[in-house]
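Subject: Structure for your files, with notes

Dear colleague,

I am passing on the structure we spoke about, together with some notes on what was found in it. Please read them with the structure open beside you.

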Amino acid sequence: LGDLDKKFKDGKGTLEDYKKKQEELTAKQQAYVKQLDAAETGLKNAQDAYDKQAKKLVELRDALQKAEDAERKMREEGKEGTEEYKKQADEVEKLKDAVQRQASNVGTAQSRVNAWHKEVNTHTREIENCDKELQQNRQDMDAAKDAADRAGAEMDDFAGQVGNAAENSGK
């Protein structure tokens with residue numbers, strides 16, 4: 001579009017130039033639509049992954065709560081020094097670590113969702129801007145066509161006047 005844009009800025013765009021620009025803008029818009037479709041697919045996949053990670057985090061937090069409750073109950077029953085209590089305390093620590101790791105995974109998944117949202121928004125804006133360019137180009141093309149039609153009609157009128165003048169001078 002670079003050469004065409006220069007012609008239009010210089011006021012030298014022809015009807016053919018407008019038609020070519022329309023074709024190029026249409027191709028550009030179709031490319032943006034494909035990019036938007038891909039971004040929407042990426043967003044859906046990222047959202048699905050986030051949902052799975054978030055669900056797993058909830059499950060781990062529930063398991064940790066149950067393990068901590070069981071540990072607390074054992075402490076209340078005076079079983080702190082027993083092997084059973086040590087196993088429960090180890091389980092609580094493992095679950096705490098798992099919850100932390102999973103919370104990090106959820107944060108990473110959320111970042112991916114945010115990045116895909118930005119992609120979708122960017123491509124949506126590109127399509128909207130291209131729509132505006134296409135609409136403006138259509139209007140400019142119609143104006144150029146009308147101007148060419150008027151110029152043609154004026155040339156026909158002038159040719160008729162010249163013909164009449166020639167006939168009248170020959171008589």
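The notes below cover the conventions, one histidine, the nonpolar cores and the salt bridges.

This is a predicted model, in which local features need pLDDT of at least 70 and side-chain atom pairs count only at pLDDT 80 or more, while totals for chains, interfaces and linings use all residues. Residues are numbered from 1 along each chain as its sequence is written, and side-chain values use heavy atoms, with hydrogens and water left out.

Histidine 123 lies in helix α3, residues 83-170 (helices, H or I, of at least four residues are DSSP runs, numbered from the N terminus). With a relative accessibility of 9%, histidine 123 counts as buried (buried is under 20% relative accessible area, exposed over 50%, and partly exposed in between, using a 1.4 Å probe and protein chains only). Its side chain makes a polar contact of 3.5 Å with the side chain of glutamine 35 (a pair of N or O atoms within 3.5 Å, of which, within protein, one must be able to donate a hydrogen and the other to accept it, residues adjacent in sequence counting only if both atoms are side-chain atoms). Leaving aside residues up to four places away in sequence, histidine 123 touches Tyr32, Gln35, Leu36 and Ala39 (contact means heavy atoms within 4.5 Å).

The largest nonpolar core has 11 residues, including Tyr32, Leu36, Ala39, Val120 and Ile127 (such a core is a set of buried Ala, Val, Leu, Ile, Met, Phe, Trp, Tyr and Cys residues joined through side-chain atoms within 4.5 Å). The elements that give two or more residues to this core are α2 (15-76) and α3, and its largest share, 6 residues, comes from α2. A second, separate core of 9 residues includes Leu57, Leu95, Ala98 and Val99.

The structure holds 6 salt bridges (a side-chain nitrogen of Lys or Arg within 4 Å of a carboxyl oxygen of Asp or Glu). One of them joins glutamate 133 and lysine 28 at 3.8 Å, N to O, and this pair links distant parts of the chain, 105 residues apart, with glutamate 133 in helix α3 and lysine 28 in helix α2. Glutamate 133 is partly exposed at 33%, and lysine 28 is likewise partly exposed at 29%. Aspartate 48 and lysine 44 form another, with the closest N and O atoms 2.9 Å apart; both residues lie in helix α2, 4 residues apart, about one turn of the helix.

With best regards
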